[in-house]
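Dear colleague,

Please find below the sequence and structure that I am handing over to you. My notes on what was found follow directly after them.

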Amino acid sequence: MDLDSDLDPESEASEKAKLLADDEEVKAGGTLAELIAAASKGGRGVTKAQVSVLAKMLTWPEGSLFPALDIARLTVLDPNGSRLLFSDLPPALLLRTLLRAAGASPSSVSTPSSSSTPPLSPLAVNLQLACRFAANCFRNAQSRQWILDHRETLLNSLGQACVGHATKVVRSSWACLLQNVAAAAAGGEAEETGAVADKNGSISDMELAIHVLSGAVETIQALTRRLVAASSSSSSSSSGSDASIVALETAFQEDSEALISALRAVGMILHSQKGSETVGLALDLGLSTCIHELVPRVSSVVAAPKDASLVLGFLEDIRHKLESSN
């Protein structure tokens, strides 16, 4: 799934970039203006000089980082833009930037197991854009391989920050990234629509499959808790069951996109050729309990029938796979 949208040259992000760039870069027709224009076209026409400006922007403090992340997530969609990002930027710069967006210590680039530095508090917009950048990396081969090469560090850091996050767009962006990593693990292409699983896929890296499955199940569990809490809190109030249904439907509509992406990720792993080897893990992680909690609640949703039907179809497919393989 590509999370692509236009970058408005007059947006707040663009204005912030202009304030922080030097006069030569920001003048009319300058390099920064050209970079923003190229990013607004999905990275088409980006140049080495523009990527050099982006490199400077990627070192800005966390509170000013979002314009650079916004430009990067669009630039990486274009084959040439992606090539320049991963050939011209310092090797560790993109990784360090994503870790900073996730609130992780930059030292984890060189020492992933280090836990001595307490996590920072990531800004939601940085977290959202970091996930979108990583998801968009699956459009092109070089950027896709870069994500897979750093999968453990990135998925651990972004997952810790995103799972259960209070902001809707962060939850959906994280689930989209999981879906794209799952497609790569299952031997398929990352895409926005399609079957729950690629039944002809194969998992060449079981470690990757297990990592994605664990993250997806954890995400589904967090989303399930939100739906259960929404319905339970209202059902105990004086307004009764009507308020409970309204609260449930509101919560479902807010998280349906994230839930669909996470379920797709699980389905793609379970249905790949080596998926039977991951069924035991899915059961151990409590996926069956989530299905048991979700089915009756999603079945009662009437305000978003298309999404509810899609979710129920995925849940039934996954339930059948778990039962038939167990």
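Buried here means under 20% relative accessible area, with exposed over 50% and partly exposed in between (1.4 Å probe, protein chains only). Helices (H or I, at least four residues) and strands (E, at least two) are DSSP runs, numbered from the N terminus.

This is a predicted model, in which local features need pLDDT of at least 70 and side-chain atom pairs count only at pLDDT 80 or more, while totals for chains, interfaces and linings use all residues. Residues are numbered from 1 along each chain as its sequence is written, and side-chain values use heavy atoms, with hydrogens and water left out.

Because 11 of the 13 residues of α8 are buried, this helix is largely enclosed by the rest of the structure. Those buried residues are N126, L127, Q128, L129, A130, C131, R132, F133, A134, A135 and N136. At 1.5 Å a residue, α8 (residues 124-136) should span 18 Å, which agrees with the 18 Å between its end C-alpha atoms; the expected span is 1.5 Å times one less than the number of residues.

**The chain as a whole**

The chain has 16 helices and 0 strands. Of its 326 residues, 52% are buried. Among contacts (heavy atoms within 4.5 Å) between residues at least 6 apart in sequence, 73% join residues at least 24 apart.

**Cavity**

There is 1 cavity of 30 Å³ or more. A cavity is a set of points, on a 1 Å grid over the protein atoms alone, where a 1.4 Å probe fits but cannot get out; lining residues have an atom within 4 Å of a point. Grid points are joined across faces, edges and corners, and a volume is the space filled by probe spheres set on the points.

The largest cavity has a volume of about 40 Å³. Its lining consists of C162, V163, G164, R171, W174, T219, A222, L223 and A258. Both α11 and α12 (206-235) supply at least two residues each, and α12 gives the largest share, 3 residues.

**Confidence**

The mean pLDDT (the predictor's confidence in each residue, from 0 to 100) is 82 for the chain, and 78% of its residues reach 70 or more. Over residues 191-202 pLDDT stays under 50, and the model has 33 contacts beyond four places in sequence for them.

With kind regards

Technical notes. On a 1 Å grid over the protein atoms alone, a cavity is a set of points where a 1.4 Å probe fits but cannot get out, and a pocket is an open set with protein on both sides within 12 Å along at least five of seven lines; lining residues have an atom within 4 Å of a point.
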